[in-house]
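User: Hi! Could you walk me through this model?
Analyst: Happy to. Here it is.
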Amino acid sequence: MCCYVYRYVNNKSFLDLTKRDFRNFVLHCTDEYGMSSARVNRLLSAIHSLFSFCEDDDELYEDYDRNASAKVKGLPKQ
């Protein structure tokens with residue numbers, strides 16, 4: 001995810017990523033990297049957990065109140 005953000009999203013802050021950025025990441029993983037849907041879904045699960053933590057933590061991320069990654073659904077199993 002870090003390499004993708006650095007190369008393709010102009011090194012934008014993770015907290016500023018949009019639903020479209022996450023969806024493009026999923027498509028990039030399957031098309032360019034050739035990842036299976038199970039691996040992409042595991043990555044999305046980790047990303048969802050990270051952003052849920054940021055959303056719930058009031059001390060470090062008090063201004064962050066939207067979890068754009070939660071709007072992106074996983075890929076169907078193959």
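User: Among contacts between residues at least 6 apart in sequence, what share joins residues at least 24 apart?
Analyst: That share is 50% in the protein chain. Keep in mind that this is a predicted model.
User: Got it. What's the secondary structure, and in what order do the elements run?
Analyst: The protein chain has three helices and zero strands, running α-α-α from the N terminus.
User: And the core? Which residues have the most contacts inside the largest nonpolar one?
Analyst: Those are Leu-17, Phe-22, Phe-25, Val-26, Val-40, Ile-47 and Val-72, in a core of 15 residues. Helix H1 (2–8), helix H2 (19–31) and helix H3 (37–56) each give two or more residues to this core.
User: Let's zoom in on Phe-25. What does Phe-25 touch, leaving out residues up to four places away in sequence?
Analyst: Phe-25 touches Met-1, Tyr-4, Leu-43 and Ile-47. Ile-47 is also on the list of residues with the most contacts inside the core.
User: Nice. How much of the chain is buried?
Analyst: Buried residues account for 29% of the 78 in the protein chain.
User: Switching to overall shape: what's the radius of gyration?
Analyst: It is 13 Å for the protein chain, which agrees with a compact globule, because 78 residues packed that way would give a value near 12 Å. The C-alpha trace spans about 40 × 25 × 15 Å along its principal axes.
User: Last one: how far apart are the mean positions of the charges?
Analyst: They are 14 Å apart, taking the 11 positive and 12 negative charges of the protein chain.

Key:
Residues numbered from 1 in each chain as written. Predicted model: local features only at pLDDT ≥ 70, side-chain atom pairs only at ≥ 80, totals over all residues. Heavy atoms only, no water. Helix = DSSP H or I, 4+ residues; strand = E, 2+ residues; numbered from the N terminus. Rg over C-alpha atoms; globule rule 2.2 N^0.38 Å. Buried < 20%, exposed > 50% of the residue type's maximum accessible area, 1.4 Å probe, protein only. Contact = heavy atoms within 4.5 Å. Lys, Arg positive; Asp, Glu negative; His and termini not counted. Charge placed at Lys NZ, Arg CZ, Asp CG, Glu CD. Core = buried A, V, L, I, M, F, W, Y, C linked by side-chain atoms within 4.5 Å.
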